[in-house]
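This briefing accompanies the structure shown below.

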Amino acid sequence: MKLEFDNRVLRLENADGLRWQLNDAEKPVFSFSYEALRVNEQHALRHTGQGVVPLTDAEIAEVVDYLMRQTPPPTVTLQRQTIADLRAFAHGLINSIVTQLEYDGLLDVSITGREGSTDLYAVEARRVLTYVDTVWNAFHGLAARIAETPNAELRPLKEYAESMPFPPPMEYFHSGLHPGLFDARGNDG
């Protein structure tokens with residue numbers, strides 16, 4: 001469970017792992033004073049005008065009690081949260097390749113690899129786009145499965161992430177290898 005409050009932004013995570021954020025939120029009322037508050041598994045700290053002060057066990061219990069009473073908005077579900085986390089992971093996979101190959105972004109890749117391009121890196125960019133298609137197809141397939149999975153049967157994000165196609169070696173983008181599908185370990189398959 002987690003609670004962060006700073007500058008009227010309240011971030012919460014309940015015991016079920018659901019996370020949500022409230023902007024322009026009222027400061028939660030506790031028996032202790034604070035300007036900002038951060039409580040998670042690693043830290044239980046409050047910021048006051050005097051500096052950063054650790055919370056006592058009684059203050060931590062007060063925050064935990066507060067968290068136990070909070071209900072996430074109806075739009076916050078484990079399925080949606082898992083899908084959003086998996087989408088961020090997919091973006092990370094794609095951006096790692098784009099960055100390593102020194103493109104400015106996917107628009108740069110798309111322009112470089114467009115049909116009829118005579119750019120020196122057109123073939124490389126097309127291979128990047130093939131990998132991007134593979135990642136997004138895998139993501140959308142997993143997202144559809146996750147959306148239909150009951151809470152009790154949802155697996156940890158790590159297990160879904162391991163099903164995503166990891167980037168092939170950089171040589172793939174530079175070499176004469178033929179574009180193909182990728183397995184979860186980044187090998188041509």
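**The H3–H4 packing and its surroundings**

Contacts between the two helices join Leu 106, Val 109, Ser 110, Thr 112 and Gly 113 of H3 to Ala 122, Ala 125, Arg 126, Val 128, Leu 129 and Val 132 of H4. Sorted by class, this contact of H3 with H4 comprises 7 nonpolar, 3 polar and 1 charged residues. The model is a predicted one.

**Geometry of the helix pair**

- Two packed helices are described by the angle between their axes together with the distance between those axes.
- For H3 and helix H4, which spans residues 122-147, the angle is about 125° and the axes are 8 Å apart.
- The handedness of the crossing of H3 and H4 is left-handed.

**Thr 112 in helix H3**

- Thr 112 belongs to helix H3, which covers residues 106-113.
- Because its relative accessibility is 7%, and buried means under 20%, Thr 112 counts as buried.
- A polar atom of the Thr 112 side chain lies 2.8 Å from the backbone oxygen of Asp 108.
- Apart from neighbours within four places in sequence, Thr 112 contacts Tyr 103, Ser 117, Asp 119, Tyr 121, Ala 122 and Ala 125.
- Among these partners, Ala 122 and Ala 125 are also listed on the H4 side of the helix contact.

- Ser 117 is located in the loop between H3 and H4.
- With a relative accessibility of 11%, Ser 117 also counts as buried, since the cut-off for buried is under 20%.
- The side chain of Ser 117 places a polar atom 3.1 Å from the backbone nitrogen of Asp 119.
- When neighbours within four places in sequence are set aside, the contacts of Ser 117 are Ile 111, Thr 112, Ala 122 and Arg 126.
- Ala 122 and Arg 126 also take part in the contact of H4 with H3.

**Ala 58 in helix H1**

- Ala 58 is part of helix H1, residues 57-69.
- The relative accessible area of Ala 58 is 56%; exposed means over 50%, so Ala 58 is exposed.
- Ala 58 and Ala 90 are 32 residues apart along the chain, and their C-alpha atoms are separated by 41 Å.

Terms used: Residues numbered from 1 in each chain as written. Predicted model: local features only at pLDDT ≥ 70, side-chain atom pairs only at ≥ 80, totals over all residues. Heavy atoms only, no water. Helix = DSSP H or I, 4+ residues; strand = E, 2+ residues; numbered from the N terminus. Buried < 20%, exposed > 50% of the residue type's maximum accessible area, 1.4 Å probe, protein only. Polar contact = N/O pair within 3.5 Å; in protein donor to acceptor, adjacent residues only side chain to side chain. Contact = heavy atoms within 4.5 Å. Axes fitted to C-alpha atoms, helices over the stretch in contact; angles between N-to-C directions. Left-handed = near helix turned anticlockwise from the far one by under 90°. Nonpolar A, V, L, I, M, F, W, Y, C, P; charged D, E, K, R; others polar.
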